[in-house]
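Biologist: Before we look at the model together, could you show me how to read strand pairing and burial in it?

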Amino acid sequence: MTQNTASACACACVVSASSPDNPPAAGTEWSGQDGLTTQNTASACACVCACVVRASSPDNPPAAETEWSGQDGLTTQNTASAYACACACVVRASSPGNPPAAETEWSGQDGLTTQTQTQPHARYWTPAAGAFEGWPDSLKDFKLLDPCCGSGHFLVAAFLMLVPMRMAAEGLSAREAVDAVLADNLHGLELDARCVEIAVFALALAAWRFPDEHGDPLGVRADMPAPNIACCGLKVAAAAKDWEALVPDSQPNAALLRQELRLLHASFAQAPLLGSLLDPVRSLKDDLFKSSFDDLKDLLELALATETPATQWGPGQELSDDAWDQALTARGLLEAARLLDARYHLVITNVPYLARGKQNDALKNYCAKHYPDAKNDLANVCLERCLELSREQGQGVVQIVMPQNWLFLGSYRKQRESLLRRVQWNLLARLGMAAFEIMDWWAFNVILITQTNATATDGFQLCGVDASVLKGAVEKAVLLREGKLVAVSQKGQLTNPDHRVSLGEASEFPLLERYASSYQGTTTGDNSRFITFFWEHVKWRKQWKSFQSTGDETAHFVGREYVFLWDDGKGVLSNSAAARIQGQVAWSSAGVAVRQMRNLPATLNSGSPWDMNCATLVPRDSTHLHAIWCFCSSSEYSEAVRRIDQKLNVTSATLVKVPFDLAHWQQVAAERYPNGLPKPYSDDPTQWIFHGHPQPATDPLQVAVARLLGYRWPAETDTEMELSDEARAWIARCEALASHVDDDGIVCLSSVRGEPPAQDRLLALLIAAWETVEPGSWKPSILAKLLADADCAGRSLDVWLRDKFFEQHARRFHHRPFIWHVWDGLKDGFGALVNYHKLDARNLERLIHTYLGDWIRQQEAGVRDAVDGAQTRLAAALDLKRRLELILEGEAPYDIFVRWKPLAEQPIGWHPDLNDGVRLNIRPFMTAGVLRHNKKPKLNISWDKDRGKDVESAPWYGVFKGERINDYHLTLAEKLAARGRPS
């Protein structure tokens, strides 16, 4: 929907027997309901409260494509989209003695209407949000306020609804109705003076363009009432003493009046900050003498009359015409004070959104003092303020657009409880994200809410519709118009966990929290330092600890890629002020890890710490794990959570605030897992429980290369790791492949030092991987399929190794490769696959002088023998040798810099610490350009500044001022000097 349509939604149900292009004659009765006129009744006023409806009968509903416009674009776009939207005007065609049959129900709203019959055969449109009986019988007495009117969208939409209504209800001409609506009905306040000018102009323009009885625009008129829109954010120009001087000495209680004027001055001085939150009466509440605000009105008006009006339009802007000036001049603070002092039948607005953490101290303190239950967001404070501005005893209604997260977040628990007890919740429409056509980028999840300023009775029903699941504004509008409307007990919401507001019925089952505890994951405060992938290390059980996460989809065993630097609880992380080590009491307990985002994918946690993106649900009784897993892995679980919490990321506490039928899910578990839950098993090489065998792996070629280079997965070496029997069987089969493993972790693509080329060695390992499991199972077609799956169909294993392997390896292992492809830049030149874990200084020297040296000698012989291309290959090899020697030496920029290590501990030359991770240690090789891919996107590694700030005790705090800089170089001389060694 558009913003204008949203205003129609919030304003709600307008019934009209005419359009702006064809206004009713003066004597036209406003009805269209089979002759039953409701002129000058409360029903007429109630029709301002919902969606836009044409004069039609239930047997002849308006067409969906009907647009009510004709106002040169200033009306709501596609009023039919707003039709039956937030308030969903639900109607039955019925008469006394002739109750409607099921098939006569119009709109598909499941009968959630109230039938009103006062005359035989009458048909009524009854807004689902209520009839608002507290509103005045005559529209001339109806007062509407938009306290955050912006550029006036809501006011213009309300104007275009009210004018035809008053023409029909009161027999007014178009001109008289326009003047009456401007003078009597519409009021606006806005903090920004520029927006005030736009709003005044927009409303005046709508009035000028409204057609008269002949269809011609009414035009600009000097006698047209100026719109009641004022700027409530103007700065008070006079000093407090100037206001006090207005009280003559002869005035009774002059000193007290001056004191109270001083208090009022202090209040209005905050106008640029508070806007519509400004409450002149509140500033006197704590005054010892408790003077009536009415007694001060004359003095206050005298004081404010001296202030500068809101308009900022100066001379030379072609606004000299008196009519234009009158229409475009917003009222000053005097008018703002009058509007703030009044009370209204309908307060409608799109409130400003500003979380408490982003508020300045003055606003934060004001909200905390006057609206403590709503202080966490300015939107919620504005909701409370709108209720204050509405009339009491059921005469005032508030309809606003606002964020939805306060309906379920724990920090708004008190406000929810308070509002559920003291006001009626008429209608709640969940819109979700991208709810407005002209703002489809808007990421806020929003609601339209209607509340009446009166206490709800025990049987009061909250009506609602949920359009949040749909993605587009058009689809949401259709659902608002045609979707199912639900009704739930308002008082029943108080029995929900934390008084969360839900459109679902209360459950008879206890909450999941009775059977499981939910623990939030650990936050390290410096993930780049403390969290790595397990394959970046050879052995990680001593310093590093497994770190459970979740996958993108629910599965038994996913999210087992990470480890974190724990040092058995005695290291830097455990003492870090930036870290939050959470859930430690449950680290060794089996449970269900649930990601706290979007569709809440889950996985089993066998007893590892977990990251901050998920929570682990640990059963209070371990025998309930099967049932809890079946529930959490079902779509019913995520749907139940999302019914009470639509925030993008839910809290860990929310995950157990849903009803749980233990008996049902125990039965499901018994049927699904008759032998108990499966033991950990995975064919994914990025999981630490992977068995290491190529044959069943999700990426056999990558696994085979890693095995060839001597890499072994943690599950192969950790005898204490919990694994399934199937995983152990595959691990045992890996022993038959040991003879194919290279001894030093360097395998050249071409034959060097008498060793076979890499493709021959890899092929031999692949054949063994099949034949040792099932003799005779290897076929040439298997290799063809493996290459086709690796985007190398019809090509050789050598081509895949040279052109595809490293790019795919980097992508498979999240751009933290542990097998590096070193080459000289020529496709027929030198290339070697190197196991990063074994590439210490000694092995780098071996790569340079033994393997590359032998290749160089081959090319030198080729040059002597005039072999084609030998000279080019020799030059490339010599240049590669030069660059590798620079890495070995480690002079800048081919050095390694680790921001969490002091200068004296920085690596000198190629002596990497594997605990620092691939990202930092690979930099010299990428800088030298000796890898098969050295740049994004094929090798997506960079050394940008990391998130967060370092503490003052950090080794490089004085250099980087707390910034976490990684792209920095140190000379060998600096490092040697720090260690007290000569350069």
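Modeller: Strands of a sheet pair through backbone hydrogen bonds, either parallel or antiparallel. Here leucine 428 stands opposite glycine 464 in β10, and strand β8 (residues 424–432) pairs with strand β10 (residues 461–466) in the parallel sense over four bridges. Strands are DSSP runs (E, at least two residues), numbered from the N terminus, and two of them pair if DSSP finds at least two bridges between them. This is a predicted model, in which local features need pLDDT of at least 70 and side-chain atom pairs count only at pLDDT 80 or more, while totals for chains, interfaces and linings use all residues. Residues are numbered from 1 along each chain as its sequence is written, and side-chain values use heavy atoms, with hydrogens and water left out.

Biologist: In what order do the strands of the open sheet lie?

Modeller: The nine strands follow the order β5-β4-β3-β6-β7-β9-β8-β10-β11, with mixed pairing. At the edges are β5 (229–231) and β11 (486–489), each of which pairs on one side only.

Biologist: Which residues of β20 lie on one side and which on the other?

Modeller: In a regular strand the side chains alternate between the two faces of the sheet. In β20, Ile819, His821 and Trp823 lie on one side and Trp820 and Val822 on the other, and all are buried, meaning under 20% relative accessible area (1.4 Å probe, protein chains only). Because five of the five residues of β20 (residues 819–823) are buried, the strand is largely enclosed by the rest of the structure. Five bridges join β20 to the antiparallel strand β21 (residues 831–835), where alanine 832 is the bridge partner of valine 822.

Note on methods. Buried < 20%, exposed > 50% of the residue type's maximum accessible area, 1.4 Å probe, protein only.
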